[in-house]
Amino acid sequence: MKIERVTLDFVEIPLKSPFETSFGVSTVKSCWMLTVEAEGLSGYAESVADVEPGYSPETHATVYYTLKNHVWPRLRAADLQSPEQALSAMTAVRGHRMAKAAIEMAVWDWFARARGVPLYRLLGGDGTRRDIPVGVSIGIQPHDQALTALADDYLRQGYRRLKVKIKPGRDLAPLTALRRAVGDTVPIMADANSAYRLRDANHLALLDDLNLMMLEQPLAEDDMVDHAELAKRLRTPICLDEAIESDEDARKAIAIGAAAIINLKVGRVGGLAMARRIHDLAVNQAIPLWCGGMLETGIGRAHNLHLTTLPGFTLPGDTSASDRYFAHDLIDPPFRLSPHGTLPVPQGPGIGVEPDPGRLARFRRYQEIWRRDEPGVRGGVPYDGSGARF
Ligand code: OSB
Ligand code: MG
């Protein structure tokens, strides 16, 4: 398969309410939507990078730059015989995993559509997993009552577990209030997005009394050693998110005891082929997995649901229904939560959903199209409009 055309649509979708994490507040979801076309078929995916380098060093600008200057010139020259070959075609590009994931996932969708099968079949997922149990991620709230009211509403909707964002000063009190409000049996976890340091270990150990499922990425985004040390001082299991960017990271984190659980995000690790490698490694090492989220539109949610059919995903993930964040999703109909707290795996070819043309037109702020038969910018050297080098 030779990619004939790549369309990049930059979209902005308002969030129903602000989402606050330890690294900032979002009021709008923005992302690059990618469409790859070949042989009359399309494949879709989105980049999970954000405006600011708060969660990851990658941003919309670096994703655009990397795809245009380094990834597209390589994929443009490739004739892919399988979706896995997209990853190998990009190995010379170090880092920039969110950029690589966006186009790689679109290539997977294309191959599944070309073969007329749902994406999970290409991934080797379990076809009997048609309904994926999911949880919800709750942003930092201004006060404890706001948190417990929201939690109550989500539990009533059917969500299977609550993840609460925390930061220093908004951790023990809100979590204690929440545990009291919802009782002992509701699965609760906390996500710190790297807001603490090892010197906070005694404070974090106070969370042990709350019977949390896990504490997600409490320490620095690139740290493993201190997470392993912290794990020895807490009873609450440590789950890594930011720190796991590859199968090698996962192997090392597990080996030193830094991760008892892994939050697997396709965008963070560079695509579906790498996500599957991490999945296989985690299964071998008996490390439970769950599928993380990045406030994706319905396109990214669909990719997540297909991935979650792999058997190693034993815990509810963050892929909540479209209406958790959006009044209107990019897909129509949106993903809806069943009363049992599950989302359906779309059973059509590929990811089984497409961007709705009307919604895309409404949310699109910018578009660029790259064609195989047009030479692009190469190598990341700045050019002026005339083609002369600066
Ligand atoms: O750390 O898991 C995270 C959202 C943006 C960036 C990082 C994270 C999150 C979430 C929300 O927790 C997950 C979701 O609902 O998609
Ligand atoms: Mg996280």
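Which residues cover the two faces of strand E6, and are they buried or exposed? Okay, so that's where I'd like to start, and keep in mind that this is a predicted model. On one side of E6, residues 162–165, you've got Leu162 and Val164, and on the other Lys163 and Lys165. All four are buried, lysines included, and both faces are covered.

Now the neighbours. On one hand there's strand E5, residues 136–138, which runs parallel to E6 and is joined to it by three bridges. Val136 pairs with Leu162 there. To get from E5 to E6 the chain goes through helix H5, residues 144–157, in a right-handed β-α-β crossover.

Then there's strand E7, residues 188–191, again parallel to E6, with four bridges. Leu162 turns up here too, with Ile188 as its bridge partner in E7. The link from E6 to E7 runs through helix H6, residues 172–182, and that β-α-β crossover is right-handed as well.

Last one: Asp223, in the loop between E8 and helix H8. Asp223 is buried but has no salt bridge, and the nearest oppositely charged side chain, Arg197, is 8.0 Å away. What the Asp223 side chain does reach is the backbone nitrogen of His227, at 2.9 Å.

Technical notes: Residues are numbered from 1 along each chain as its sequence is written. Chains are lettered from A and ligands numbered from 1 in the order in which they are written. This is a predicted model: local features need pLDDT of at least 70, side-chain atom pairs count only at pLDDT 80 or more; totals for chains, interfaces and linings use all residues. Side-chain values use heavy atoms; hydrogens and water are left out. Buried means under 20% relative accessible area, exposed over 50%, partly exposed in between (1.4 Å probe, protein chains only). Lys and Arg count as positive and Asp and Glu as negative; His and the chain ends are not counted. A salt bridge is a side-chain nitrogen of Lys or Arg within 4 Å of a carboxyl oxygen of Asp or Glu. A polar contact is a pair of N or O atoms within 3.5 Å; within protein, one must be able to donate a hydrogen and the other to accept it, and residues adjacent in sequence count only if both atoms are side-chain atoms. Two strands pair if DSSP finds at least two bridges between them. A crossover is right-handed if, with the strands pointing away from the viewer, the path from the first strand over the helix to the second runs clockwise.
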